[in-house]
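Try each task before reading its solution.

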Amino acid sequence: MIAMSDVYDKIMDLAKRRGFIWPTSECYGSVAGFIDYGPLGSMMKRRIENVWRKFYVVREGYYEIECPTIGQEDIFIASGHVKGFSDKMCQCPHCREYLRADHVAEAHDIHNASSMSAEKLAEVLCALCCPACEEELGPVEVFNFNLMFQTAIGPGSQRTGYLRPETAQGMFTDFQRLLRFYRDKLPFGAVQIGKSYRNEISPRQGMIRLREFTQAEAEIFVHPAEKNHPAFPRYADYRVPLLGIQQQEDCTEPLFVSMRDAVQQGIVANEYVAYYLALTHDLLAAIGVRPDKMRFRQHLPDERAHYAEDCWDAEVFSERFGWVETVGIADRTDYDIKAHERQSGQSFAVFIQYDTPQKVNRVRVTPDMGALGPKFRGKAKAIADALCECIPGPEGATVTIDGEEIFIPPELYKVREETVDVPGEEVTPHVIEPSYGIDRMIYAVLEHSYDEEMVDDEERKVLRLTPAVAPIQVAVFPLMNRDGLPEIALDIAEKIRIAGLVADYDDSGAIGRRYRRQDEIGTPFAITVDYDTKEDHTVTLRDRDSMQQARVPAEGIDALVRSLVEGTRMFQEL
RNA sequence: GCAUCGAUGGUCUAGUGGCAUGACUUAGGCCUUCCAAGCCUAUAGCCCGGGUUCAAUUCCCGGUCGAUGCACCA
């Protein structure tokens with residue numbers, strides 16, 4: 001193994017040269033925080049997204065939706081992004097440093113700075129010194145820097161729109177439609193894979209902090225009192241490294257426990273969260289993130305959103321960036337749904353029918369409108385409504401209308417005690433949210449797959465991508481570019497393409513060079529047509545990782561490669 | 001955003017106030033019977049804008065991108 005000191009540089013160099021990732025619009029000089037996926041990168045990204053779909057859409061049955069990347073202001077008022085997704089900042093007039101206004105104040109022992117208004121903060125800051133240049137700040141303007149990209153919808157008197165900072169809101173705003181789609185039953189889930197946007201102040205770290213990035217998010221709506229995942233046994237014995245609050249406080253190694261134990265011991269809040277911790281571990285491993293470079297870190301109480309019951313980040317270790325948050329898994333309770341109910345004025349409740357209707361005794365007041373009407377005239381309706389809500393005493397009932405207490409004698413209404421059937425109840429669902437950063441997953445896979453080794457005194461660069469995510473699954477070569485070999489090879493490549501795989505045909509240069517080209521872009525298998533092929537209709541099949549070759553019949557090679565790519569057969573068994 | 005440093009074909013690199021090196025890669029050809037062999041040929045470059053100068057890739061200023069530190073990271 002060769003020293004991987006600057007593995008990031010090597011990967012980004014490879015990614016640029018071979019068409020995985022490019023700086024965006026290079027002819028105009030690029031923009032930080034934006035990247036282009038080249039031909040191989042796009043294919044790899046699509047394949048990673050498809051692995052994700054296999055887990056969430058196919059297996060979990062949470063169907064995918066697709067919402068606009070631009071949303072109207074109400075959405076983000078409800079979500080809290082308009083107000084909360086911004087920082088109060090100011091600029092030092094002396095050194096022109098941008099400062100977090102509340103942080104400066106708090107550094108000078110001024111409490112509650114984060115809850116102060118901009119005006120109040122400016123007042124407080126006036127007498128304080130800049131932490132950068134130590135000059136007195138004096139009168140400064142405190143302004144909000146919102147991390148959302150703002151835009152205008154339509155011409156003329158325009159409505160404000162924002163580029164979404166997360167895909168999640170689409171699942172919330174479509175909640176009522178989704179509920180009907182799933183025929184009014186909990187639990188159900190919906191997912192979305194798409195672009196999100198955050199106007200980061202200073203994006204660095206290449207593709208780790210982007211201003212436009214791809215998220216894959218699932219919102220799973222569950223009954224608030226039923227947080228046991230129906231398929232929990234699937235992962236009950238699955239073990240993942242958990243860096244809980246306790247381990248972080250004690251600075252100890254992650255616990256390696258089964259999901260069953262994690263829930264029983266109260267490390268993880270409930271089965272749902274635990275289930276998606278395990279599923280995430282499973283999924284990341286399936287795309288090629290190394291299990292020994294993965295851990296799940298629980299949010300500490302002060303970094304967790306106040307409404308979140310439990311929150312974990314899947315972190316992936318990078319030689320360059322250390323532990324990188326790649327997936328967030330949170331129990332967001334009913335916060336989002338309640339917020340959209342308030343903002344939209346609509347009910348997002350779910351009516352849950354009981355197995356058998358419950359018998360409930362209750363007192364029912366029936367106002368005698370024939371008597372109330374003539375007596376109270378305009379107030380009669382309000383009094384009648386109030387009577388229905390109150391519990392009358394033996395002497396009569398007292399209701400309050402517009403602050404005025406009115407006594408209603410018993411002869412103006414009837415009281416009946418009755419037993420009614422209550423068929424069910426309305427609940428506000430809780431939301432379990434696994435949220436994946438696709439771009440970071442891609443980077444992690446590239447970094448964990450990159451390898452160098454010496455072969456015959458030459459450095460061999462190889463991306464050990466799992467076949468499930470490799471952009472090109474098989475290469476087909478004629479050993480010589482003559483004697484009818486290219487025709488046979490082209491024919492094989494065509495058959496493989498018909499079988500649904502991406503095959504790269506290459507007849508240029510020495511055979512070893514062609515193998516190396518494919519090694520560098522992670523193509524797991526290569527087929528070479530040689531002179532024996534003409535005699536006995538066999539070809540060599542070469543395995544990228546071992547560089548071993550097997551002689552196999554040309555007939556059926558398409559099905560064989562397909563099963564190798566799908567993992568139903570292994571090369572070593574050939 | 002601030003400070004420091006950097007930017008030469010796709011990649012790595014030499015060098016310069018006056019015709020810009022070499023290697024690798026790539027493409028075409030010759031050769032070649034399984035892991036970057038060899039030979040011939042070709043393509044391709046001084047980050048962008050302004051200034052100084054007869055002349056700027058080179059010097060100066062501004063910007064972009066990248067690295068590092070600070071700040072920021074719901």
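**Exercise 1.** How far does a polar side-chain atom of Arg-517 lie from a phosphate oxygen of RNA strand B?

*Solution.* Keep in mind that this is a predicted model. Start at the side chain of Arg-517: one of its polar atoms is 2.7 Å from a phosphate oxygen of RNA strand B. Next, turn to Ser-508, where a polar side-chain atom lies 3.5 Å from a phosphate oxygen of the RNA. Then look at Arg-542, which places a polar side-chain atom 2.9 Å from a base nitrogen of RNA strand B.

**Exercise 2.** Find which element gives the most to the surface near RNA strand B.

*Solution.* List the elements that each supply at least two residues: H1, E6, E23, H17 and E27. Among these, helix H17 (511-520) gives the most, with six residues. Now sort the surface by class: twelve residues are nonpolar, ten polar and 18 charged.

**Exercise 3.** Describe the largest pocket by its volume and its lining.

*Solution.* First, the volume: the largest pocket holds about 1,600 Å³ of space. Second, the lining: of its 48 residues, Phe-85, Glu-166, Arg-198, His-299 and Glu-325 are closest to the centre. Third, the source: strand E16 (322-331) contributes the largest share, six residues. Last, the classes: 18 lining residues are nonpolar, 13 polar and 17 charged.

Conventions: Residues numbered from 1 in each chain as written. Chains lettered and ligands numbered in written order. Predicted model: local features only at pLDDT ≥ 70, side-chain atom pairs only at ≥ 80, totals over all residues. Heavy atoms only, no water. Polar contact = N/O pair within 3.5 Å; in protein donor to acceptor, adjacent residues only side chain to side chain. Helix = DSSP H or I, 4+ residues; strand = E, 2+ residues; numbered from the N terminus. Nonpolar A, V, L, I, M, F, W, Y, C, P; charged D, E, K, R; others polar. 1 Å grid on protein atoms, 1.4 Å probe; cavity = no way out; pocket = protein on both sides within 12 Å on 5 of 7 lines; lining within 4 Å. Points joined across faces, edges and corners; volume = space filled by probe spheres on them.
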